[in-house]
Amino acid sequence: MSPPWSKPLDVDRLAETQAGLDFAVALAELPRLRSRLASVEGNVHGRVHFAREGGVAVAELTMSGTAKLACQRCLEAMDVAVESRVRVGLISAQAEINRVPQDLEPMLAPEGRVSIGELVEEELLLALPIVPLHEEAGECAVAGSTPGVTDQQEEPATQRPFERLGELLKR
Ligand SMILES: [Zn+2]
């Protein structure tokens with residue numbers, strides 16, 4: 001059975017009744033997010049409230065949670081806090097984009113339908129880093145200067161045997 005947040009919703013009907021819907025979404029189940037990021041886990045939960053403003057259906061999305069991503073430097077897990085509140089203007093065709101008030105983020109809802117998963121995914125695609133990296137050097141298992149250190153260690157190791165060989169031949 002597919003989760004309730006994946007169900008396409010009738011945007012006009014929800015805007016008319018000013019419906020509010022609670023949700024909880026596992027990030028690993030969002031296909032576009034999963035294809036963008038090397039590794040994504042964690043959960044977000046929140047609420048979508050529908051309304052109508054100036055002839056445009058509006059979804060007000062509030063969500064919080066934690067995304068568990070893989071740091072692209074050390075490949076270790078890292079947590080990214082998600083705390084979003086966004087107002088989305090839902091349009092059924094690209095041509096209607098001019099009708100969306102400026103303080104709303106326009107989003108396409110083909111045939112007047114959108115799922116909570118699509119709203120959440122759209123916002124997360126904007127909010128989460130494409131290349132996640134540990135911010136604090138201490139948290140990252142790979143320190144910034146590591147490549148240089150490795151070179152210095154390897155160089156003597158490859159040269160020393162020949163130096164010693166030369167010394168041995170002199171005797
Ligand atoms: Zn790292």
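**Group meeting: a zinc site and the chain around it**

Hi everyone, let's begin with the chain as a whole: of its 171 residues, 35% are buried, where buried means under 20% relative accessible area, exposed means over 50%, and partly exposed is in between (1.4 Å probe, protein chains only). Please keep in mind that this is a predicted model, in which local features need pLDDT of at least 70 and side-chain atom pairs count only at pLDDT 80 or more, while totals for chains, interfaces and linings use all residues. Residues are numbered from 1 along each chain as its sequence is written, and side-chain values use heavy atoms, with hydrogens and water left out.

What does the chain consist of? It has four helices and seven strands; these are DSSP runs, with helices being H or I of at least four residues and strands being E of at least two, numbered from the N terminus. Along the sequence they come in the pattern β-α-β-α-β-β-β-β-β-α-α. A contact here means heavy atoms within 4.5 Å. Of the contacts between residues at least 6 apart in sequence, 59% join residues at least 24 apart. The chain exposes about 10,800 Å², and carbon and sulfur atoms supply 51% of that; accessible areas come from the Shrake-Rupley method with a 1.4 Å probe, and for residues only the protein chains shown count as cover.

Now the metal. Which residues hold the zinc ion? Its protein donors are Cys71 (SG), Cys74 (SG), His134 (ND1) and Cys140 (SG), at 2.1 to 2.4 Å from the ion. Donors are N, O and S atoms within 2.8 Å of the metal (3.2 Å for Na, K and Ca), and since water is not among the atoms, sites may look incomplete. The four donor atoms make angles of 102 to 120 degrees, and the site is tetrahedral. That label is given to four donors if all angles lie between 85 and 135 degrees. For orientation, the ideal angle for four tetrahedral donors is 109.5 degrees.

In sequence, the donor residues follow the spacing C-x2-C-x59-H-x5-C.

Leu133 counts as partly exposed because its relative accessibility is 35%. Together with Ile130 and Val131, Leu133 makes a nonpolar surface patch of about 270 Å². Patches are built from residues with over 30% relative accessible area and no salt bridge, with nonpolar side chains (Val, Leu, Ile, Met, Phe, Trp, Tyr) joined within 5 Å and like charges within 9 Å.

On to salt bridges, each being a side-chain nitrogen of Lys or Arg within 4 Å of a carboxyl oxygen of Asp or Glu. How many are there in the whole structure? The search finds 10. In one of them, Glu122 and Arg32 meet at 3.3 Å, N to O. This pair links distant parts of the chain, with Glu122 in helix α3 and Arg32 in helix α2, 90 residues apart. Glu122 is partly exposed at 28%, and Arg32 is partly exposed at 43%.

Another joins Arg87 and Glu53, whose closest N and O atoms are 3.1 Å apart. Arg87 sits in strand β5 and Glu53 in strand β3 (residues 40–53), 34 residues apart. These two residues also belong to a network of salt bridges that links Glu53, Glu60, Arg85, Arg87 and Asp103.

A further salt bridge pairs Asp79 with Lys68, at 3.4 Å between the closest N and O atoms. Asp79 lies in strand β5 and Lys68 in strand β4, so the pair ties together parts 11 residues apart in sequence. Asp79 counts as exposed because its relative accessibility is 52%, whereas Lys68, at 38%, is partly exposed.

Last stop: two loop residues. Leaving out residues up to four places away in sequence, Ser115 touches Trp5, Ser6, Lys7, Pro8 and Leu9. Glu29 is in the loop between β2 (20–26) and α2 (31–36), and with the same exclusion of residues up to four places away, Glu29 touches Pro3, Trp5 and Arg34. Glu29 is partly exposed, with a relative accessible area of 44%.

Notes
Four donors count as tetrahedral if all angles lie between 85 and 135 degrees; four count as square planar and six as octahedral if opposite donors are over 155 degrees apart and all others between 65 and 115; anything else is irregular.
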